[in-house]
Amino acid sequence: QVPATRAGAEWGGVSQQLCVLSVTQCRSVKVNARRESSPMSQKTPGVVAPAAAVANVDNGHGLQQEQKVLVLFLGGQLGQEMHETGIKIAPPGYFTEQIMRLVQLNESNGSFPNVDVKELESLDSWDVQPSHWALLAEEIYKAYHSYDGFVVVMGTDTMAYTASALSFMLENLGKAVIFTGAQVRFGDAFSDAKRNLLVSMAVAPSLDIPEVCIFFDDALFRGNRARKADSGAFHAFGSPNFPPLARLGLQMEVNRAMVLLPPKGKFRIHTKMDEKVVVLKMAPYFDVSALKQFSAQGTKSCRALILELYGTGNAPHRISGFLEALKQAKDNGLLVVVTSQCAAGSVVPGSYAVNKDLEEIGVIPAIDMTTEATCAKIVYLYGKGLTSEQVQRSMGQSLRGEISKIPQSQVSSHLASRL
């Protein structure tokens, strides 16, 4: 039940295949945007996006049918504007106005997908919670059959957490859902908003990537593989353990061998998430007594404990009580998962003596999953009503391409069908 990529299905196991969308073939693109947060509604031609994918498709009768993309706005830098007294949250309709201006500046250019904008909230990304994940999932579900692709605009700090969560919540996803935003707000001469938005809107309905993604600067990442890597650069996101799905240059190059295959089941969503997860980061001054108190409470405090350990999943071997505290946590019903503090690489079970001790206790290695994806996966699995034993087996199983190395133990077909 491992999600297939196109490598084996379309190219007979070829390790890498690039699908090139030539600028010369599809240089001209046009946007039709509609304001939904304002009484005024209009459609305007416009905008050239470099290396944009073809926006028109044949409907089977020799006619061209324009594709549609829905932009869901949740806040971030693009929901703020500068005032004399400082930066303030912009009023409702501000973001939609900016999209309209982007359109009108390029109104003489060719064909671009029809764009509808829906402003949900204007939040700083650190205020985005699982309830907002559910809101996004529900909005996509309601509009799923009316649009060819979706763009979610929000702040960058928790974008990787949100994209990871949506990758699990949107089950049997057959269309692209692209998260984007900006490091610099509208109006600044150096703002990255225009390119991030235009490219995301251009490619969302037409690249044939049935995944939750993040587009930033010049790269399209799998959402549950990405993490924010730089708070002060336009290339704010990276994907340390998985290559980008696509790169933007003078042309858009899609790595088709890495893209998940379209689903076979009917699209559905799951919005119930069990949020009782705690993340602890190991440091040389780690207080084991606090971990013991936490472990003694068992599932009264949480259901899962994620430990960010050193290197390949290493922890102090000579600190008295550390392994005993983890064993107590396991005995009291907690799921204990280990991720690495390193930006790249994998947790390798048994690579050192302490790893073997952790393995004997029953601690689960996250392999090469990011902490963001690990958290999202756990709250999703427990939200599905799975037992701790089922969650433990599922953690090593790739559900949405979030993990590379799959252990020998596999999830039963009955269990996988629920995910």
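1. A residue is taken as buried when its relative accessible area is under 20%, and because S239 has a relative accessibility of 14%, S239 counts as buried. The model in which this holds is a predicted one. S239 lies in the loop that runs between β15 (237–238) and β16 (246–248).

2. The side chain of S239 has backbone oxygens beside one of its polar atoms on two counts: the backbone oxygen of F242 lies 2.7 Å from a polar atom of that side chain, and the backbone oxygen of R225 lies 3.4 Å from a polar atom of the side chain of S239.

3. Helix α4 (residues 159–169) is largely enclosed by the rest of the structure, because ten of its eleven residues are buried. Among the buried residues of α4 are M159, L166, F168 and M169, together with A160, A163 and A165; T162, S164 and S167 are also buried.

4. N172 is placed in the loop between β10 (170–171) and β11 (177–180), and with a relative accessible area of 26% N172 is partly exposed. The C-alpha atom of N172 is separated by 6.6 Å from that of R268, although the two residues are 96 apart along the chain. Apart from residues up to four places away in sequence, N172 touches Y144, P263, G265, K266, F267 and R268; of these, K266 has its backbone oxygen 3.0 Å from a polar atom of the side chain of N172.

5. An open sheet of four strands is arranged in the order β19-β20-β21-β22, with parallel pairing. Because β19 (277–281) and β22 (364–365) each have a single partner strand, they stand at the edges, and one side of each is left without a neighbour in the sheet. Five bridges join β19 to β20 (residues 304–309), the two strands running parallel, and V279 has I306 as its bridge partner in β20.

6. T339 belongs to strand β21 (residues 335–340) and, with a relative accessible area of 1%, is buried. Not counting residues up to four places away in sequence, T339 touches I306, L307, E308 and L309, and also V347, A366, T371 and T374.

Definitions and conventions:
Residues numbered from 1 in each chain as written. Predicted model: local features only at pLDDT ≥ 70, side-chain atom pairs only at ≥ 80, totals over all residues. Heavy atoms only, no water. Buried < 20%, exposed > 50% of the residue type's maximum accessible area, 1.4 Å probe, protein only. Polar contact = N/O pair within 3.5 Å; in protein donor to acceptor, adjacent residues only side chain to side chain. Contact = heavy atoms within 4.5 Å. Pairing = 2+ DSSP bridges.
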